Amino acid sequence: MRILLIMVLSLLGCSGSIDEPVSYFNVETPRPFGYVNGDEIPQRIIIETRSGISLQPGSLPVKGQINRWLNLNRVTVKQTGQRYQIDLLYQVFYAPLEVKSLTLPGFTVQLSQGEKSISQNVPAWTFTLSPLRELVVRQSEQGEYMRPDSPPPLLANTQALYGLAASLSVAVLIAVYLAYLYGCFSGMSRRTLFKRTLRKLAGLSEADMEQALTVVHHALNSLNGQPLFLNRLGEFYRRNPQYLQINSQLAWFFNYSNRYFFSDAMIAVAQDLQQLKELCEQCRKIERGSR
Amino acid sequence: MNTDTQLTDWREQALQFERQINQTVIGLQPAVRNIILAVFARGHVLLEGNVGVGKTTLLRAVAQGLGGDYQRIEGTIDLMPADLIYYTYLNEQGRPCVDPGPLLKHGDTLATFFFNEINRARPQVHALLLRAMAERSINAFNRDYHFPHIQVFADRNRVEKEETFELPAAAKDRFMMEINIDMPRGDTELDELMFNPRFHDTDRLVAGVANSGIYYRLNELAQTLQQHIQTSPKLHAYALSLWKATHQPQQYGVQLSDVEMPQLLMAGASPRGMSYLIRAAKTRAWLEQRDHVLPEDLQAVFPVCMTHRLFLNPMYAYRKEQLLPELIEGILDQVAAP
């Protein structure tokens, strides 16, 4: 029984007096080292009071310059019931020559209960401030003492690049199609010129000799880029020397066409059409480069 | 003698005549060929070229070779139409006399009329000449004189522009061909012209051309020839395209540098010009031993028959010398046959 009494008494001794106006008080500070000139130091003060006691905001430090090297940048007070959370944000402007111990000054928070005023001390907080740059003059002449900042990391632009590539390809495709519509690829169609001519000739008989001759004329004209006549063959060969090897056949064609179109009507025979097709096939071979 | 043989004989004579002229006036083969074409197609010829390149010698040689009565007049600024028709003088008895001028002197046998330096004569003279050329007749002394055989050769030099009168479009149109005479290009020919004494005395040179005496039969020949040489429907279509292209070259894809094509031409070829073109083309086909006209015949005579018939917009007239040949070439390059 005695033991039980002792325990109860000692427990009673541990509990705080229920008359304390401030039931909870804490100052939360970050690490006390590793600061350099210009750093911001947050400080959070949490006060829980008994009901009926309120914080005097006028007792808090004022935003602005605290002393020669310390600024108070922000003061925020958040109240939830009887719990006050005071956030202070200090900024240090001190360039020490070596690691130096500095102190955030303490202050007193005033709480009031009716006419009565209660004080709660916020202790000073000591931290160390490091120099920003090395001050010992190097003996060695080599090496860059002051180094530039590392360049900022680049923003990811992969997506933009993909977008650009996609729109460029679409633009190029459209441009190519437009050029095709404007007839800029005549060279391409020129390589299949006689293929098309042969296809057209295939369905013709000697009765359609006029059409057959016209088709071949058109093909030669497009190949030459302008109308081709017998007396201009020399110029044509200069531009297309590969056709010189079928000179005799071309000359036959032009003479035949001249006789057919411009002299008294002559009767076309199947052999003529055959010869015409052979000429086209020779041209097709030259066009394909196999001759 | 049937027509074919007759035409063959005539062709031989024509080619012989051409060879003879080419020996007399060297280095001008294309011009000589064109003159032969004009003579056998019965068209008038205007020669244009620099001074001293042989225009007059060429025409004199042609006139001499053709035979027939020949008259010549020099264009001057004070030449009046009446000077071509008559001249007045006092005879030995002191009585005033009126004699026929160069045009009337030979009456209807006048063959070659050579108008030297035509652009120095006034427009009044050109007007008289217009009628003589187109209708082969003039009115003088209250009656009409006919010259069924007249062939006008005219020349003008393109160096001087002072005291000259540009030939009106109507006068130009009456010439079948305007032929440019340039200096011979070959070194041997230039050497010959410089050092061979044969070319120093033009009178003797021209006198050396044998008179072929063919002249007064030319009209008949030309008529036979024009009827005999055939043109096919395809050729008609080609000639029509050429004609249209002289009016609206842009529709045939002709494009010249620095030129707004629709504004280039004021006037294209006239119907008379096209009929001259076909006549000349037929004559060429005949000389090439064919009885039908080919596109190449039209192409060969197209520049000489057409260049002086196309009239450029005044905006482009100052580039005439450059644009007209390009235009003609462009038309020939773009119009296809068939």
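A: Let's begin with one bridge: Thr112(B) has Gln151(B) as its partner in E8(B). This is a predicted model, in which local features need pLDDT of at least 70 and side-chain atom pairs count only at pLDDT 80 or more, while totals for chains, interfaces and linings use all residues. Residues are numbered from 1 along each chain as its sequence is written, and chains are lettered from A and ligands numbered from 1 in the order in which they are written.

The strand to look at is E8 of chain B, residues 151-157. Helices and strands here are DSSP runs numbered from the N terminus, with at least four residues of H or I for a helix and at least two of E for a strand. Two strands pair if DSSP finds at least two bridges between them. E8(B) has a parallel pairing with E5(B), over 4 bridges, and strand E1 (residues 44-49) of chain B also runs parallel to E8(B), joined by 5 bridges.

How buried is E8(B)? Of its 7 residues, 6 are buried, so the strand is largely enclosed by the rest of the structure. Buried means 20 or more other C-beta atoms within 10 Å of a residue's own, exposed means 12 or fewer, and partly exposed is in between, with C-beta atoms placed from the backbone.

Skipping residues up to four places away in sequence, Val45(B) touches Ile35(B), Ala38(B), Phe153(B), Phe175(B), Met176(B), Met177(B) and Ile179(B). A contact here means C-beta atoms, placed from the backbone, within 7 Å of each other. Val45(B) also belongs to the largest nonpolar core, which has 117 residues; together with Leu277(B), Ala280(B), Val301(B) and Cys305(B), it touches the most other members. Such a core is a set of buried Ala, Val, Leu, Ile, Met, Phe, Trp, Tyr and Cys residues joined through C-beta atoms within 7 Å. Helix H2 (residues 29-40) of chain B is the top contributor, with 8 residues. A separate core of 9 residues includes Leu60(A), Tyr84(A), Val109(A) and Leu111(A).

The loop between strand E4 (96-100) and strand E5 (110-116) of chain B holds Leu104(B). Leu104(B) is partly exposed because 19 other C-beta atoms lie within 10 Å. Leaving out residues up to four places away in sequence, Leu104(B) touches Ile85(B), Ala140(B) and Tyr145(B). With Ile85(B), 19 residues apart along the chain, the C-alpha separation is 6.0 Å.

Helix H3 (residues 55-66) of chain B is worth a stop too. Its 12 residues should span 16 Å at 1.5 Å a residue, and the end C-alpha atoms are 17 Å apart, which agrees; the expected span is 1.5 Å times one less than the number of residues. As 10 of those 12 residues are buried, H3(B) is largely enclosed by the rest of the structure. The buried ones include Lys55(B) and Arg60(B).

Zooming out, chain B has 14 helices and 11 strands, and 41% of its 338 residues are buried. For chain A the counts are 8 helices and 10 strands, with 14% of 291 residues buried. Chain A also has an open sheet of 3 strands, ordered E3-E8-E9 and paired antiparallel, with E3 (54-55) and E9 (116-122) at the edges. Strand E8 (residues 107-113) of chain A pairs with E9(A) over 7 bridges, one of them putting Thr108(A) with Asn121(A).

Residues 160-185 of chain A carry the annotation "transmembrane region" in an unreviewed UniProt entry; positions follow the numbering used here, feature names are shortened, and annotations may be inferred rather than shown by experiment. That span is 85% helix and 0% strand, with its end C-alpha atoms 33 Å apart.

Finally, the interface: 15 residues of chain B contact 13 of chain A. On chain B's side, helices H10 (233-247), H12 (295-306) and H14 (320-334) each give two or more residues. That side splits into 8 nonpolar, 4 polar and 3 charged residues, where Ala, Val, Leu, Ile, Met, Phe, Trp, Tyr, Cys and Pro count as nonpolar, Asp, Glu, Lys and Arg as charged, and the others, Gly among them, as polar.

Key: Two residues are in contact if their C-beta atoms, placed from the backbone, lie within 7 Å.
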